[in-house]
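Hi,

Here is the structure I promised to pass on.

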Amino acid sequence: MMKKYSALTKYINFLENDNVGEWIVDKENDDSSERPIHVPFVSYSITVKKLADDIYKFAKESDEIVPSKYAEILQANGIEWGYDSMMKADASELDAQCILALLIASLRAERFCDGALLEFIESGAVTRWLKRLQELDEA
């Protein structure tokens, strides 16, 4: 039987065992007008880029969540759209809709703060959320 969340949970092993991304810091330029320093950014692995695409695709095709409503869903579950609150959320008590909202929120955070997604992945939060979806699939 096909698991409902397998399109997302298949990434668990990759996130735990692969290099998901790294900060690229400009050490070549000296900040002169001819050689301005480039702003540091995170270069994400192909796996993380695919995961992000699959999260958005799943959300778009799912009847469980409207992607633009992620902040409202988090709020309804007592979670603020912010790093600390999202990190402290007890995934074991959350339903699939809220887990999907957390995943979308972590992707959206990257648009406002370079490296936010990397922190959510490296801290284990994204893996924890995906494992919760796996649990829900097996229930």
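Let me start with R132, which is buried because its relative accessibility is 14%; buried here means under 20% relative accessible area, exposed means over 50%, and partly exposed is in between (1.4 Å probe, protein chains only). Its side chain meets that of E135 in a salt bridge, 3.0 Å from N to O, where a salt bridge is a side-chain nitrogen of Lys or Arg within 4 Å of a carboxyl oxygen of Asp or Glu. E135 itself is partly exposed, with a relative accessible area of 43%.

Before the rest, some housekeeping. This is a predicted model, so keep in mind that local features need pLDDT of at least 70 and side-chain atom pairs count only at pLDDT 80 or more, while totals for chains, interfaces and linings use all residues. Residues are numbered from 1 along each chain as its sequence is written, and side-chain values use heavy atoms, with hydrogens and water left out.

Now the overall picture. The chain has eight helices and two strands, both taken as DSSP runs numbered from the N terminus (helices H or I, at least four residues; strands E, at least two). From the N terminus the order is α-α-β-β-α-α-α-α-α-α. Along the principal axes, the C-alpha atoms fill a box of roughly 60 × 30 × 25 Å. Of the 139 residues, 42% count as buried. Among contacts (heavy atoms within 4.5 Å) between residues at least 6 apart in sequence, 68% join residues at least 24 apart.

Back to the charges: there are four salt bridges in the structure. One of them pairs K10 with D54 at 3.9 Å, N to O. This pair links distant parts of the chain, 44 residues apart, with K10 in the loop between α1 (6-9) and α2 (12-17) and D54 in helix α3 (residues 46-61). K10 is partly exposed at 47% relative accessible area, whereas D54 counts as buried at 19%.

Another joins E16 to K131, with the closest N and O atoms 2.9 Å apart. Here helix α2 is tied to helix α8 across 115 residues. Both partners are partly exposed, E16 at 41% and K131 at 36%.

(Lys and Arg count as positive, Asp and Glu as negative; His and the chain ends are not counted.) The D137 side chain does reach the backbone nitrogen of Y5 at 2.8 Å. Leaving out residues up to four places away in sequence, D137 touches K3, K4, Y5 and S6.

Helix α6 (residues 96-112) is worth a look too. Its 17 residues should span 24 Å at 1.5 Å a residue, and the end C-alpha atoms are 25 Å apart, which agrees; the expected span is 1.5 Å times one less than the number of residues. Since 13 of those 17 residues are buried, α6 is largely enclosed by the rest of the structure.

Lastly, the cysteines. C98 is buried at 0% relative accessibility, while C113 is partly exposed at 43%. Taking a disulfide as a pair of cysteine sulfur atoms within 2.5 Å, the count comes to zero.

Cheers

Methods. A polar contact is a pair of N or O atoms within 3.5 Å; within protein, one must be able to donate a hydrogen and the other to accept it, and residues adjacent in sequence count only if both atoms are side-chain atoms.
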